[in-house]
Amino acid sequence: MRTGRPLAPISVTQEQRTTLEDWTRRPKTAQALALRARIVLACAEGKPNSVVAQLTGVRQQTVGKWRSRFAGMGLQGLLDEPRPGTPRRISDADVEKVLTMTLESLPRDATHWSTRSLARQSGLSHSTVSRIWRAFGLQPHRSETFKLSKDPLFIDKVRDIVGLYLNPPDRAMVLCVDEKSQIQALDRTQPMLPMRPGQVERRSHDYKRHGTTSLFAALDVKTGAVIGECHRRHRSSEFRKFLDTIEQNVPQSLEVHLILDNYGTHKTASIRNWLAKRPRFHVHFTPTSASWINLVERWFATLTDKQIRRSSHHSVRELEAAIKSYLAINNQAPNPFVWTKTADEILASVARFCARTLEPGH
């Protein structure tokens with residue numbers, strides 16, 4: 001009985017195995033080449049394409065391609081084929097040298113490489129280094145920050161909140177609640193220069209402060225509508241008033257699930273007593289240092305981008321009027337944010353991130 005196309009035989013010499021394993025073990029090897037090396041090593045163990053595809057996270061056709069390429073061309077078959085056009089003047093060795101130096105070393109006089117410093121060290125032109133960096137998406141001059149949650153109940157809280165997003169309970173409203181505090185009413189010291197052809201909008205870098213306000217907001221996960229109100233102070237008494245506002249705006253027939261962060265005003269005795277008297281309200285606290293899981297933070301970012309960052313207000317009252325106007329416009333045709341990742345996918349991503357921070361060289 002025919003069972004399909006026969007597999008291309010794989011025979012790996014000791015020298016080839018050493019090279020393949022070196023490609024996979026190097027912590028910062030180009031990921032495409034490292035994946036091809038893992039595919040070949042798995043095939044060399046006699047595993048069928050379907051099993052190798054499942055182990056490496058690719059399609060069976062991809063496994064078959066690199067199995068055949070290695071069987072016919074050896075290690076050279078795993079490298080990218082030459083493309084039509086002007087012959088390359090930069091060899092693969094030069095590219096690998098630039099990548100290795102960029103990812104696995106630092107200059108003596110700086111915290112990161114520049115195109116010119118790496119060009120001097122590698123003997124290539126800075127334009128060549130720049131092209132290689134662009135091709136591989138490397139930007140040594142850029143750096144971002146991160147913070148991993150140390151909450152001992154991190155896994156339980158992620159599963160709880162993501163479960164509310166993906167499978168909300170029946171006859172209940174899920175509200176993401178938080179405060180955007182200390183929103184400043186800023187007034188530029190000089191008139192703005194409006195945009196015109198060939199010139200972007202210009203504004204003075206200095207400003208006058210006219211006070212602050214805090215926006216308390218509750219985002220309905222299902223509809224995208226927002227319950228919001230501004231208060232001049234940011235205490236538990238103001239938060240309790242906002243809870244009263246939420247209660248007035250949610251039908252009595254519905255249960256209410258509140259997703260909150262761990263700010264102190266959310267856990268005072270007055271708030272606990274308020275919640276104890278209203279059994280239809282259920283509180284779900286986010287993990288510490290994990291504000292990204294609260295969807296209202298994404299709405300705050302939109303508010304800042306569309307209304308606050310480039311605005312100019314002569315008073316706090318004027319700022320609050322602008323925020324209330326934005327709330328009204330948002331609620332006329334609200335668009336919900338769609339949460340797509342499962343809790344398992346999030347936890348797996350965090351695990352991979354933690355493993356990378358523990359790699360040698362970090």
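Mentor: A salt bridge is a side-chain nitrogen of Lys or Arg within 4 Å of a carboxyl oxygen of Asp or Glu. Keep in mind that this is a predicted model.

Trainee: What is the general idea behind such pairs, and how many salt bridges does the count come to?

Mentor: Side chains of opposite charge can pair when their charged atoms come close. In this structure the count comes to 10 salt bridges.

Trainee: Which residue forms a salt bridge with R203?

Mentor: The partner of R203 is E201, and their closest N and O atoms are 2.3 Å apart. R203 counts as partly exposed because its relative accessibility is 28%. E201, at 26%, also falls in the partly exposed class.

Trainee: Where in the chain do E320 and R232 lie?

Mentor: Begin with the contact: the side chains of E320 and R232 form a salt bridge of 2.9 Å, N to O. E320 is in helix α12 (residues 316-332) and R232 is in the loop between β3 (226-231) and α9 (236-249), so the pair ties together parts that are 88 residues apart in sequence.

Trainee: Is E320 buried or exposed?

Mentor: E320 is buried, as its relative accessible area is 10%; the cut-off for buried is under 20%. R232, at 49% relative accessibility, counts as partly exposed.

Trainee: Which residue forms a salt bridge with R235?

Mentor: R235 pairs with E238, with 2.7 Å between the closest N and O atoms. R235 is partly exposed at 36% relative accessibility, whereas E238 is buried at 5%. Salt bridges with shared partners also join E201, R203 and R310 into one network.

Trainee: How should I read phi?

Mentor: Most residues other than glycine have a negative phi. R171 has a positive phi, near 50 degrees, and is not a glycine. R171 sits in the loop between α8 (154-166) and β1 (172-188), and it counts as exposed because its relative accessibility is 59%. Q182, also not a glycine, has a positive phi of about 55 degrees. Q182 is placed in strand β1 and is exposed, at 52% relative accessibility.

Trainee: What separates the C-alpha atoms of Q190 and Y207?

Mentor: A distance of 8.3 Å separates them, while the two residues are 17 residues apart along the chain. Q190 belongs to the loop between β1 and β2 (207-220), and its relative accessibility of 52% makes it exposed.

Trainee: How does one find where empty space is left?

Mentor: Rolling a probe the size of a water molecule over the atoms shows it. Here the count comes to one cavity of 30 Å³ or more, and about 30 Å³ of space lies in the largest cavity. Its lining consists of D178, D261, T286, A290, S291, N294 and E297. By type, these are one nonpolar, three polar and three charged.

Trainee: What lines the second largest pocket?

Mentor: The second largest pocket has 17 lining residues, and P168, D220, V221, K222 and T223 lie nearest its centre. The space in that pocket is about 320 Å³. Strand β1 gives the most to the lining, with three residues. The lining divides into 14 nonpolar, one polar and two charged residues.

Trainee: Which residues make the nonpolar surface patch?

Mentor: F146, L148 and F353 make a patch of about 270 Å². F353 is in helix α13 (residues 343-357) and counts as partly exposed, at 31% relative accessibility.

How values were computed: Residues are numbered from 1 along each chain as its sequence is written. This is a predicted model: local features need pLDDT of at least 70, side-chain atom pairs count only at pLDDT 80 or more; totals for chains, interfaces and linings use all residues. Side-chain values use heavy atoms; hydrogens and water are left out. On a 1 Å grid over the protein atoms alone, a cavity is a set of points where a 1.4 Å probe fits but cannot get out, and a pocket is an open set with protein on both sides within 12 Å along at least five of seven lines; lining residues have an atom within 4 Å of a point. Grid points are joined across faces, edges and corners, and a volume is the space filled by probe spheres set on the points. Ala, Val, Leu, Ile, Met, Phe, Trp, Tyr, Cys and Pro count as nonpolar, Asp, Glu, Lys and Arg as charged, and the others, Gly among them, as polar. Patches are made of residues with over 30% relative accessible area and no salt bridge: like charges are joined within 9 Å, nonpolar side chains (Val, Leu, Ile, Met, Phe, Trp, Tyr) within 5 Å. Accessible areas come from the Shrake-Rupley method with a 1.4 Å probe; for residues, only the protein chains shown count as cover. Helices (H or I, at least four residues) and strands (E, at least two) are DSSP runs, numbered from the N terminus. Buried means under 20% relative accessible area, exposed over 50%, partly exposed in between (1.4 Å probe, protein chains only).
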